[in-house]
Amino acid sequence: MNTSQPTYLTWPQIARLGLVQASLGSIVVLTTSLLNRVMVVELALPAILPGALVAIHYFIQLIRPRMGFGSDQTRRATPWIRGGILVLASGGVLAAASTILLSSSVGWGIALATVAFLMIGVGVSSSGTALLVLLAKRVEPKKKAAAATCVWLMMIFGFAFTASVSGKFLTPFSFERLLMVSTTVSVIAVVVTFLAIWGMESPLVKTQQSSSSADEAESASSPMNVSFREAFAEVWQESRVRSFTWFVFVSMLAYSSQDLILEPFAAVAFGFSPAETTTLSGLQNGGVLLGMLFLAFITSKAKSQTLTSLSTWTIGGCLASALAMLGLVLSGPIENVMFFQAAVFLLGIFNGAFSIAAIGSMMQFASMGSARREGVRMGIWGASQAMAFGLGGIIGTGLSDIARIVLGDPASAYAFVFFLEGVLFVVAAYLSFQTRAQKQTNELSKQLVGV
């Protein structure tokens, strides 16, 4: 095995990186959900204000390629993760402070909130991109899907734990408690991140120091002193990067567009109460969790190359999601609640499976192509995902409004949007098929494991 090859992360180390992801999620969930509610309900401000602030936090993430480029140049992810969590935590505290300021001065409050959400987007871009680069470089190829599942499950745990605990400390509600809870969560997230990442890259540094002279010569001749513009242009020339960028955008747009219209559809088509629609959301999320765990188990334990191929699961998951979307479309005319709930549950399973396969593929593809551009590639795909999430809610709700005017029936309007999302999943499957390169993947996997 090449002496310059970095050591692979163990499962405890992967779990530690999951704590970083959970810390990121714990701050973000407070700003995008709790502060949203306080602005609209307690302060009686227009819902478009928190919507615009959340959109800002997504669109600023177009800087992710630049953050990834910085990680490539320094060859260390740790400083970018630490710096990002500090910026993110500061933005979280400022966002809570801006909510208090909004109660007395709307203008100054909006100005401070804009700065806070920009900082949140920058912090997520820096920490999130560097974290994925570290995982892409240091996780064994066969473990990538399971590692992605582990990290994402811990992020979901961070969402749920923070929401549950902070809710208890916010009762009875006051703006002082809001600031105290937000500050406490931010401080804990910073401490946990710093402890989790501590010493994580030390083995890599040691191996780099013991690199052979041939590797040092390669390092000296590598294009490390190029500008970001040149590095971006170099990476964008890679056909796999371009097609996978479009795949990420289209699939995440389909994935996120149904978030805001599924519960309204259940209400107008089947007369679901608010409590029943909440249960429906739990059914879907349970399916997502099941799909993630199933894929992680299969790709880690199966001996068949077909069953361990992330590209196969990505394509299959997208096509199966399209069929589940078709089930949602048909559930209205069929008027069967059980059929509708089954379609929602299956949609969750297929979404969970394809999303983990896609993240694993992202970690796999990041190391393919020109050397030391993993961060730029990961940044491009992260920016594509953020754009899709930022636009998904707007497009989904906007199209349903237009379809309602044209068709004159809310249930048919939502079903029409579900149909379009199913088409997007088919397009995403095609783009994933175009991206896959089994031969090159296998060759790289052999290089990574030193065979």
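To describe how two helices pack, a line is fitted to the C-alpha atoms of each one over the stretch in contact, and the angle between the N-to-C directions of these axes runs from 0 to 180 degrees. The model discussed here is a predicted one. In it, helix 15 (residues 310–334) and helix 18 (residues 410–435) have axes 8 Å apart and pack at an angle of about 165°. Because angles over 145 degrees count as roughly antiparallel, helix 15 is roughly antiparallel to helix 18. Their crossing is left-handed. On the side of helix 15, the residues in contact include I315, L319, M325 and L328, and helix 18 contributes F418, F425 and F433, among others. Sorted by class, this contact has 15 nonpolar, five polar and one charged residues.

A second pair is formed by helix 1 (residues 11–42) and helix 5 (residues 106–138), which pack at about 160° with their axes 11 Å apart. Helix 1 and helix 5 are therefore roughly antiparallel to each other, and helix 1 passes helix 5 in a left-handed crossing. Among the residues that meet are L17, V20 and L24 in helix 1 and F117, I120 and L135 in helix 5. The contact of helix 1 with helix 5 has 10 nonpolar and four polar residues, but no charged ones.

How do helix 11 (residues 239–257) and helix 17 cross, and within what distance do their axes come? The axes cross at roughly 30° and come within 8 Å. Angles under 35 degrees count as roughly parallel, so helix 11 and helix 17 are roughly parallel to each other. The crossing of helix 11 with helix 17 is right-handed. Residues of helix 11 including F244, V248 and M252 meet residues of helix 17 including W381, A388 and L391. By class, the contact has 14 nonpolar, seven polar and one charged residues.

Helix 17 (374–407) is also part of what covers the buried residues of helix 3, as are helix 4 (78–102), helix 5 and helix 10 (228–236). Helix 3 (residues 64–74) has 11 residues, and eight of them are buried, so this helix is largely enclosed by the rest of the structure. The buried residues are R64, P65, M67, G68, F69, G70, S71 and D72. After helix 3 comes R75, which has a positive phi, near 60°.

Next come the nonpolar cores. The largest one has 80 residues, and L135, F247, L328, F340, W381 and F418 have the most contacts inside it. Helix 16 (residues 337–365) supplies the largest share of this core, 12 residues. A second, separate core has 27 residues, including M39, L102, F117 and V185.

Apart from its neighbours within four places in sequence, W381 is in contact with V241, F244, T245, V248, M362, F365 and A366.

Which residues surround L347, leaving out those up to four places away in sequence? L347 touches Q258, Q284, S321, A324, M325 and L328. L347 lies in helix 16. Its relative accessible area is 0%, so L347 is buried. L347 and S321 are 26 residues apart along the chain, yet their C-alpha atoms are separated by 5.6 Å.

Notes. Residues are numbered from 1 along each chain as its sequence is written. This is a predicted model: local features need pLDDT of at least 70, side-chain atom pairs count only at pLDDT 80 or more; totals for chains, interfaces and linings use all residues. Side-chain values use heavy atoms; hydrogens and water are left out. A nonpolar core is a set of buried Ala, Val, Leu, Ile, Met, Phe, Trp, Tyr and Cys residues joined through side-chain atoms within 4.5 Å. Buried means under 20% relative accessible area, exposed over 50%, partly exposed in between (1.4 Å probe, protein chains only). Helices (H or I, at least four residues) and strands (E, at least two) are DSSP runs, numbered from the N terminus. Contact means heavy atoms within 4.5 Å. Angles under 35 degrees count as roughly parallel, over 145 as roughly antiparallel, 65 to 115 as roughly perpendicular and the rest as oblique. A crossing is left-handed if the near helix is turned anticlockwise from the far one by less than a right angle, and right-handed if clockwise. Ala, Val, Leu, Ile, Met, Phe, Trp, Tyr, Cys and Pro count as nonpolar, Asp, Glu, Lys and Arg as charged, and the others, Gly among them, as polar.
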